[in-house]
Structure formats: structure tokens, C-alpha cells
Amino acid sequence: MVSWELIHKATVFIAEEMGVALKRSAFSPNIRERMDHRCAVLDGEGRIVAQAEHIPVHLGSFRVGVLNTLKWLEREGVELEEGDMIVLNDPYISGTHLNDVMVLAPVHANGKLIAYVVNKAHQVDVGGPVPGSMNPNARTIYEEGFIIPPVKLVRRGSVEGDVLRLIVENSKTPKITLGDLSAQIAANRVGSRRILELVNKYGLDAVTEGWGRAIDYARRLTLSDMKSWRHGIYTSMDYMELPDRDLVLRCTLEVRGDGVRVDFTGSSEQVQAPINAVYGVTFSATTYSVRVAIKEDIPVNEGFYNLVEVVAPEGSIVNPRKPAPVAGGNVETSQRIADVVLRALAEAVPERIPAAGSGTMMNVMLGGYDRDRGYWAYYETIGGGTGGRPGKDGVSGVHVNMTNTLNTPIEVAERSYPILYTSYKIREGSGGRGRYRGGDGIIRAFKVLGQAKLSILAERFRHKPYGLWGGEPGRPARVVVRRASGLEEEMPSKFVLDLEPGDEVVIETPGGGGWGPLVGE
């Protein structure tokens with residue numbers, strides 16, 4: 001009799017192999033170099049069985065996005081047949097933002113639906129008025145890009161050319177979009193094939209039983225770890241930054257014997273600015289934070305997820321109503337959700353929770369028209385410092401919390417786009433002081449070699465990453481544009497700006513907060 005652990009590990013590796021196939025066959029540096037994608041396997045009921053360890057902000061969102069999609073298909077009378085694939089990017093269904101294009105495929109064995117494979121990849125441009133499709137000035141989702149409702153991209157194994165052309169022609173970089181979409185299709189085909197190989201080797205009953213036992217194991221292990229937490233109710237709050245005001249994120253966390261309940265009642269109402277987070281993002285950031293507090297190495301599947309109850313009032317910035325813009329909710333508000341949940345968890349498990357990390361993904365969108373390249377669009381997130389933690393200093397110059405991407409290597413960026421990097425180094429002294437220092441942020445600067453449009457969507461310019469237990473906060477973010485004429489402009493956290501040849505952009509990301517008081521103070 002085959003061990004359920006073997007089935008579980010094999011399924012995890014299927015998700016990982018899907019990710020490798022997607023990364024290696026993608027066209028855009030954002031996926032190929034930065035690995036801005038994620039993959040998962042679900043059982044026939046739509047329960048997450050296994051995920052590749054890619055980007056935290058999107059792993060939890062699969063639970064919401066896939067179930068939303070399956071309900072939508074059932075409501076619309078759309079049947080998923082063998083060889084079909086569904087594509088969508090509507091955040092109010094898929095659970096993130098427009099750039100994250102999701103491709104979902106059913107897996108059939110002997111005519112029976114046994115599983116689903118799914119991937120998301122951050123397509124650099126999905127239309128809209130600015131390169132990169134994350135418009136800091138958007139007041140509705142329609143100003144962010146092209147919305148794709150669930151539609152069959154592949155029907156019985158054949159790509160639907162009309163659907164593919166409709167998506168590609170609404171991108172400013174059609175060749176890149178075509179290449180990345182093709183990579184996503186290929187990744188799902190790899191996943192489907194591997195699942196069928198697993199079933200053929202061990203039998204369908206053994207595979208489905210193994211999946212069920214892995215889910216039960218994750219649940220039991222999580223509950224066992226939570227027994228050592230301080231049961232009770234803990235609150236915290238933090239802020240999101242708009243040019244004219246701050247928005248509140250409020251969290252009430254209850255640790256109980258049967259799991260964790262996290263309630264965001266009291267958070268600000270949704271706004272006409274792109275920092276609303278759809279429920280999938282809120283759920284993902286919350287479950288990520290709870291996972292951080294668990295000491296054991298647990299399978300992150302339905303057994304873990306169903307122990308975390310997330311309450312997010314409809315119409316708030318953590319669960320907006322359509323057509324609120326949401327591009328930055330996925331990348332910025334997700335970071336603040338993690339900050340407030342971790343701050344509350346610090347009261348329940350103080351020996352495991354670090355001070356605040358940089359708290360922003362520092363999204364940089366850049367693009368324009370180049371005679372040799374045609375229209376180009378470049379997207380980058382920039383790391384910072386992690387918070388000091390019990391027993392150790394924070395880490396400098398890494399992507400923190402809800403992002404697990406890599407940087408785009410300077411050599412690749414300069415070869416692919418008309419830009420020249422002038423600085424890339426640690427921002428010394430930006431981490432907060434404490435018994436254990438916060439990690440330092442990054443200074444990353446570049447000049448544009450032609451006319452370009454720059455968009456920045458970021459946070460932590462006014463509100464510093466907090467320290468814990470007497471530790472000092474990290475230094476806030478800063479962006480300066482140095483014009484070729486010699487003029488220097490200090491920029492806000494969210495803006496769109498035209499650049500001329502020779503203009504330089506200098507970006508400084510926050511350091512993490514310190515943990516504990518300085519010795520002797």
C-alpha cells in the first residue's frame with residue numbers, strides 16, 4: 001500500500017514542476033527572471049491540495065479565486081470538458097488584480113473529473129492608460145486595464161484563436177503577452193499530465209485518499225501548534241497613505257481552540273484610488289501572517305486554510321464593491337494587512353513574530369516607444385529590510401512578506417529596455433535600532449535613455465515600519481527624480497510622470513523596524 005505522504009509530496013512537486021515550466025518558457029523578464037507567478041493543484045471538489053512555494057500574496061488567493069470561478073461557471077451554465085482551460089483576470093472573481101492572469105484547467109481520468117491545475121502569472125501589461133497597467137491615478141477598475149471574465153481559452157485541447165487575439169491585442173506589448181499566455185497553457189498541460197501519471201501509477205483511490213489525508217494532517221498539525229498560543233482577543237491598526245489623508249486598517253484577532261478569527265471591522269471604506277484589496281488578497285495576506293506564527297512545517301492546503309476565519313466588511317478597503325480600483329490592493333494593501341495581523345499576533349506568540357518589514361513592494365512601472373524595440377513596458381518591485389526578530393537582526397535588501405519575487409538583474413533590464421542603472425546598493429542605516437536591528441532597505445537608481453512614462457505605486461513614505469517591544473521604527477521610503485536639466489523633484493508615494501532622456505530616478509526603500517530595546521536603555 002502506498003504511503004499518503006508519498007502522494008502528497010509527489011503532488012507538491014507537480015505544482016513546483018508547473019512553476020518551472022512556466023518560468024522557463026515565459027517571454028517577459030518579470031516571469032522569467034523575477035518569477036512573478038504561482039501554481040497549485042486542487043482536488044475535484046476545488047480544495048487546495050498542494051502549492052508551489054512562489055509568491056505568498058497569491059497562494060492564499062487561489063482558495064478564493066478558484067471557488068469563485070467554479071461558482072461563476074456553474075451559474076452561467078458553462079461546463080468544463082476534458083482538455084478545456086479557462087482564462088480570467090477579473091479581480092472580483094480571481095481574487096487579486098488585473099495583471100494577474102489566471103488559467104484554470106480540469107483534469108479528467110476515464111471521463112471523470114478528478115482534479116484541477118491552476119496558475120497565475122503577472123502579465124506586465126494588460127491595457128489601460130499607463131505602461132504596466134497599474135495606474136496610480138485610477139478611480140475605477142476600468143482605468144486600470146482590460147477585464148477578462150472567465151472564458152474558455154482552450155477548448156478540448158485546441159486554443160481558441162479569437163479569445164487569444166482579443167487578449168493580446170489589448171496589451172501594449174502583444175508579443176510578450178502572447179508568449180506568457182502560451183507559457184501558462186504549457187504549465188497547466190505539464191500539471192495535468194503529471195497528475196494522470198500519478199493516478200496511473202498508484203490508482204485513483206490511493207491518490208484521492210492521499211490528498212484527503214494530507215488535508216487532515218495539515219489541520220491536526222496546525223491545531224496542535226495553536227494550543228501553545230495565548231488564547232484571547234488582540235487588536236492592532238496601521239495606515240495606508242493617500243496624498244490628502246490616511247486610511248485606517250484595523251484588525252481584531254481572536255485565538256481560539258478551534259482556530260483563528262480575524263475581523264477587519266473598523267477599517268476605512270473603499271476609496272476611488274487603487275489601494276482597495278479584494279477579499280482574495282485580504283484572505284491571502286491574513287493566512288500568510290498566521291502561517292508565519294506556526295512553528296511546525298505544515299502543508300499549506302485546505303486543512304490549514306479552513307482554520308482561519310477572515311471577516312472583511314463589504315464596501316471597505318479590504319473587501320470593496322466593483323468597480324473600485326484594486327491594482328495596489330494586491331501589492332501594497334496586502335503588505336499592510338500582513339503588518340496589522342502580525343502586530344496582533346505578536347501579543348499571542350511574542351517569541352515568534354518580528355517587527356515590521358519594509359511594508360511596501362515599491363512598484364515601478366516604466367514604458368514608452370523606442371524606435372528599435374517598439375512599445376515597451378517594464379515592471380519591477382524593489383525589496384527592503386525585514387524587521388528585527390527574537391534572537392536575530394533583520395535581513396537587508398530582500399523582498400518582504402507578501403512578495404517572494406526576485407529582482408530583475410541589471411544586465412537583463414539594460415539589455416531589454418532603454419534604461420541605464422546608476423546605483424544598486426544597500427541603504428545603510430535605514431533599519432530601526434533595537435536589541436535586534438531591522439534590516440536595511442535598498443537604493444536603486446536608473447536613467448532613461450529616451451522619453452518614457454514612469455509610474456510609482458508605493459507606501460511607507462509617511463508612516464514608518466514599526467518596531468516591537470521598544471525597538472525603533474525603520475526609515476521611510478523616498479523617491480527623487482533628478483532631471484537632466486539639474487532640477488531635483490521629491491516625489492510622493494503614488495504618481496505618474498513623463499521622463500526625458502537623461503532623467504534619473506533614485507528610489508530608496510524602507511528598512512525594517514527594530515526588535516526590543518537597545519541594551520542599556
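The paragraphs that follow treat a sheet, a cavity and the aromatic pairs in turn.

The model is predicted, so local features need pLDDT of at least 70 and side-chain atom pairs count only at pLDDT 80 or more, while totals for chains, interfaces and linings use all residues. Residues are numbered from 1 along each chain as its sequence is written, and side-chain values use heavy atoms, with hydrogens and water left out.

Strands of a sheet pair through backbone hydrogen bonds, either parallel or antiparallel. Here, an open sheet of five strands shows antiparallel pairing in the order 14-15-20-17-18. Its edge strands, each pairing on one side only, are strand 14 (419-427) and strand 18 (488-491). Ignoring direction, neighbouring strands of this sheet are turned by 15° against each other on average. Strands are DSSP runs (E, at least two residues), numbered from the N terminus, and two of them pair if DSSP finds at least two bridges between them. The angles, which run from 0 to 180 degrees, are taken between the N-to-C directions of axes fitted to C-alpha atoms. Within the sheet, strand 17 (residues 478-482) and strand 20 (residues 504-508) run antiparallel and are joined by five bridges. Arg482 stands opposite Glu504 in strand 20.

Rolling a probe the size of a water molecule over the atoms shows where empty space is left. A cavity is a set of points on a 1 Å grid, over the protein atoms alone, where a 1.4 Å probe fits but cannot get out; its lining residues have an atom within 4 Å of a point. Three cavities of 30 Å³ or more are found in the whole structure.

A pair of aromatic rings is described by the distance of the centres and the angle of the planes. Rings of Phe, Tyr and Trp (its six-membered ring) pair if their centres lie within 6.5 Å; planes under 30 degrees apart count as stacked, over 60 as edge-to-face and the rest as tilted. The count comes to eight aromatic pairs. Phe304 and Tyr305 form a tilted pair, 5.5 Å centre to centre with 50° between the planes. Phe304 has a relative accessible area of 0% and is buried, and Tyr305 also counts as buried, at 2%; buried means under 20%, exposed over 50% and partly exposed in between, with a 1.4 Å probe and protein chains only. Tyr279, Phe283, Phe304 and Tyr305 form one aromatic cluster.

How values were computed: Helices (H or I, at least four residues) and strands (E, at least two) are DSSP runs, numbered from the N terminus. On a 1 Å grid over the protein atoms alone, a cavity is a set of points where a 1.4 Å probe fits but cannot get out, and a pocket is an open set with protein on both sides within 12 Å along at least five of seven lines; lining residues have an atom within 4 Å of a point. Grid points are joined across faces, edges and corners, and a volume is the space filled by probe spheres set on the points.
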